[in-house]
Amino acid sequence: MTETDQLHSAPRDCDRFLFAPVGEDKNGYVVTVLSTFARLGLDPRTEASNLAALSRPAARERLDRLLTGFLDVPALRQGHGSTAKRLASLLPERMRTGANLRDDGAPGGVRTKLELPVFWLLMILLALVQILYFGLSGAGE
């Protein structure tokens, strides 16, 4: 299993992506992906994990939409597509290849929140049926 930082949800292999430069803001400071996400009101580590789980084209499209709405870097007004392509190439491969992906890039092999409780409820019902059916016939012997 990949080592993760205790305080962050994304593995450290997303750091190369998060600390990549996006461009210079109006004051001449270099803006990274991490600061871009923070300025957009997103959790940078969570967003990086979500992007890394997508297929590369889906991640590039999502990045392109995010960068289109980011007005702090003037150069992104015309170059957001090429910047999104460059940044998507920095996302770690391991998260995409390990999961079973659907055509839309969403994880298909991940259990939903509802499947696990339903499974355990069925197991409990099966155990109760066994106890009631088989337990009563041998009781008192």
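Q: Which helix is T83 found in?
A: Helix α5, residues 76–88. Keep in mind that this is a predicted model.
Q: Is T83 buried or exposed?
A: T83 counts as buried, because its relative accessibility is 10% and the cut-off for buried is under 20%.
Q: What does T83 touch?
A: Leaving out residues up to four places away in sequence, T83 touches V22, L67 and L76.
Q: On to the core. How many residues are in the largest nonpolar one?
A: The largest nonpolar core has 25 residues. Those with the most contacts inside it are F17, L18, V33, F37, L51, L63 and L87.
Q: Which helices supply at least two residues of this core?
A: Helices α1 (15–18), α2 (33–39), α3 (44–53), α4 (56–68) and α5 each do.
Q: And which gives the most?
A: α4, with five residues.
Q: What does V33 touch?
A: V33 touches F17, L18, A20, V22 and L87, again not counting residues up to four places away in sequence.
Q: Now confidence. What does the chain average in pLDDT?
A: The average is 77, and 72% of the residues score at least 70.
Q: Which elements have the lowest and highest mean pLDDT?
A: Helix α6, residues 94–98, has the lowest at 46. Strand β2, residues 30–32, has the highest at 92.
Q: Where does pLDDT stay under 50?
A: Over residues 1–10, for one. The model has 12 contacts beyond four places in sequence for that stretch. Residues 95–107 are also below 50, with 28 contacts in the model beyond near neighbours in sequence.

Conventions:
Residues are numbered from 1 along each chain as its sequence is written. This is a predicted model: local features need pLDDT of at least 70, side-chain atom pairs count only at pLDDT 80 or more; totals for chains, interfaces and linings use all residues. Side-chain values use heavy atoms; hydrogens and water are left out. Helices (H or I, at least four residues) and strands (E, at least two) are DSSP runs, numbered from the N terminus. Buried means under 20% relative accessible area, exposed over 50%, partly exposed in between (1.4 Å probe, protein chains only). Contact means heavy atoms within 4.5 Å. A nonpolar core is a set of buried Ala, Val, Leu, Ile, Met, Phe, Trp, Tyr and Cys residues joined through side-chain atoms within 4.5 Å. pLDDT is the predictor's confidence in each residue, from 0 to 100.
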